[in-house]
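My entries follow in the order in which I looked things up.

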Amino acid sequence: MNVLLLQPPQIQGSPQGVSSFSLGLAYIAATLREEGAQVSLLDCYSEKTKQSVALGEGLYRIGLSDEEITEKVKEIKPDIVGISLGFSKQFHAAVGLASLVRSVDKSVPVVAGGAHVSAAPESLNDSDFDYLVSGEGERAFSKLVRAISSGLTGDPKVAGIFYRDQQSVFSLSACQEVITDLDSLPLPAYDLLPLQKAWSGRVPYANIIATRGCPYSCNFCSIHSVMSRRLRRRSIASVISEIELLVQTYGVKEIFFEDDNVTAKIDWAKELFMKIADKKMDIEIGVRNGIRADRVDKELLELMRRAGCTRVCFAPESGSQDTLDNIVNKCMDLENVKSAVMLAKSAGLNVTCFFVIGFPGETKADIQKTIDFAKLLRKIGCDSVDINCATPYPGTALYAQCIQEGYIDNNVDYARFHTHESIISTKEFTSEEVMQLRKEAMESLVEGNSEKVLRVAGNLVRQPALMAKRKVRGFYYSHIRHSA
Ligand code: B12
Ligand code: SF4
């Protein structure tokens, strides 16, 4: 079977694209190859992040043009096309891409997968997709490809697959299954990703994922419909071998753990970072997706630093304990956040904290508590904070609440589902007020020039070798290598 995997072009509010990394598609590709399929992967966004077309209403389409994509589809002549719809805000781009593929070849089955698909399959009833894959796609999509190659139409009888029923509405074939043995999956097919383009002007980096699933139930988080609540870990040997592959074969210098909770099992995380440190690889490590402030201790943070981690991100979400307990359901004590920030700073790490404001049920006073707490964290050493607007992603308790209480309806435009725009107005606040509060708070929290000078000077004194290496690397990749 000849399978083409597509990452849609990006539709966004600015003409500047920042390439990203289709790790999910790279996992799917590797699994299909193991099954003997011939696989092509086209990241229609990262292939051309400098190509942007104004669509009107302040929106831009970034990436390959329809003509360029059509050309590629004709050249590859796939038997099946798989399209990723990970972010709800990609909805229009992914649906448009399915129609484009259909217009090139009416007979090719077009399949979608990703976080949005898993949480809101019904939103795709009117699209040109033939099948949807809910949850982790490696096993389910491989089975679907096998079924289609053996001539199947209709219900494939595969767990996690939605097919078109007699009314042409998506129906679930059988409940999705969680992949319990993550080591049984092949390493992602990095050779199919446009790495050089993604790295243009940047230190070569890779995203990896060592664990899947999260046992917590924060009201705004949509991860469970893909990764489930069941925390699963890869073996440390497997994670190390992936890092070695990235460093030795691809020249990667920076690794981002994109796990939802890489330190969820503290002892396992200690062993992981200790082994990475022992390997003495010349890499920097980041945990930019955030770790829980109550899942770290002094020893772990020091080991992370030794392994090459320079910055940690914590996600307290709110500075109001009441909001955390009764709205967000974070199961976190704010005291843990303060002590985690201080421990991380004393371990020599840069610290960023993420917050969310504008939840239904919050008052303006609650929002102010978050802003005040963010300021307090900055005072005790937190290097930066990011405040986002509560966004009701499908599949979340927040989404269900917003539908039930009438803050949004089922026809909501997914293009607005990015966290810098509030789309929720309640009797306590309007969405405009939330955005204004966010803007003012971010302006007051951002590092001033004098603070920046002090921080850089502080870092230079504390970690002269690291700072020098960073500067040299940054200059090399943004000037010398890029222009070569
Ligand atoms: C890394 C990451 C990013 C990175 C890079 C994203 C990328 N290109 O992959 C960055 C930092 C850029 C990012 C940004 C944002 N992100 Co983000 N991100 C993630 C994160 C942490 C990991 C993604 C990942 O690599 N997962 C590992 C792989 C293996 O899983 P996967 O991608 O889901 O793929 C599997 C399945 O979904 C499925 N699948 C996926 N595609 C396909 C295609 C086919 C054909 C098939 C069959 C199956 C399939 O099979 C895959 C293998 O099992 C996820 C959370 C998570 N744990 O997944 C959030 C997540 C995807 N992000 C999310 C969000 C909201 C955003 C932002 C909108 C946030 C913002 N500030 O505005 C932006 C939007 C970016 C954009 N491009 O528009 C939400 C999406 C929810 C939604 N419905 O929209 C998630 C789920 C987080 C969450 N907790 O809710 N993100
Ligand atoms: S926000 Fe983090 S801790 Fe909360 S459910 Fe999502 S992944 Fe888990």
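Predicted model: local features only at pLDDT ≥ 70, side-chain atom pairs only at ≥ 80, totals over all residues.

Entry 1. Helix α8 covers residues 236-250 and helix α9 covers residues 266-279. I found their axes 10 Å apart, at an angle of about 40 degrees. The two helices are therefore oblique to each other. I noted that their crossing is right-handed. On the α8 side, I listed Ile-236, Val-239, Ile-240 and Ile-243; these meet Glu-271, Leu-272, Lys-275, Ile-276 and Lys-279 in α9.

Entry 2. I then turned to α9 and helix α10, the latter formed by residues 298-307. Their axes cross at roughly 25 degrees and come within 8 Å. Angles under 35 degrees count as roughly parallel, so I recorded α9 and α10 as roughly parallel to each other. This crossing is left-handed. Among the α9 residues that meet α10 I noted Phe-273, Met-274 and Ile-276, and among their counterparts in α10 Leu-300, Leu-303 and Met-304.

Entry 3. Which residues touch the most other members of the largest nonpolar core? I found four, Ile-255, Phe-314, Ile-357 and Ala-374, in a core of 76 residues. Domain 1 (2-172) and domain 2 (202-476) both contribute residues, so this core lies between them.

Entry 4. I looked up Phe-314 individually. Leaving aside residues up to four places away in sequence, Phe-314 touches Gly-290, Ile-291, Ala-293, Val-337, Ala-340, Val-341, Val-351 and Cys-353. I also recorded a second, separate core of 58 residues, which includes Ile-28, Leu-100, Val-145 and Phe-170.

Note on methods
Residues numbered from 1 in each chain as written. Chains lettered and ligands numbered in written order. Core = buried A, V, L, I, M, F, W, Y, C linked by C-beta atoms within 7 Å. Buried ≥ 20, exposed ≤ 12 C-beta atoms within 10 Å, placed from the backbone. Domains from an automatic or database assignment. Contact = placed C-beta atoms within 7 Å. Axes fitted to C-alpha atoms, helices over the stretch in contact; angles between N-to-C directions. Helix = DSSP H or I, 4+ residues; strand = E, 2+ residues; numbered from the N terminus. Parallel < 35°, antiparallel > 145°, perpendicular 65-115°, else oblique. Left-handed = near helix turned anticlockwise from the far one by under 90°.
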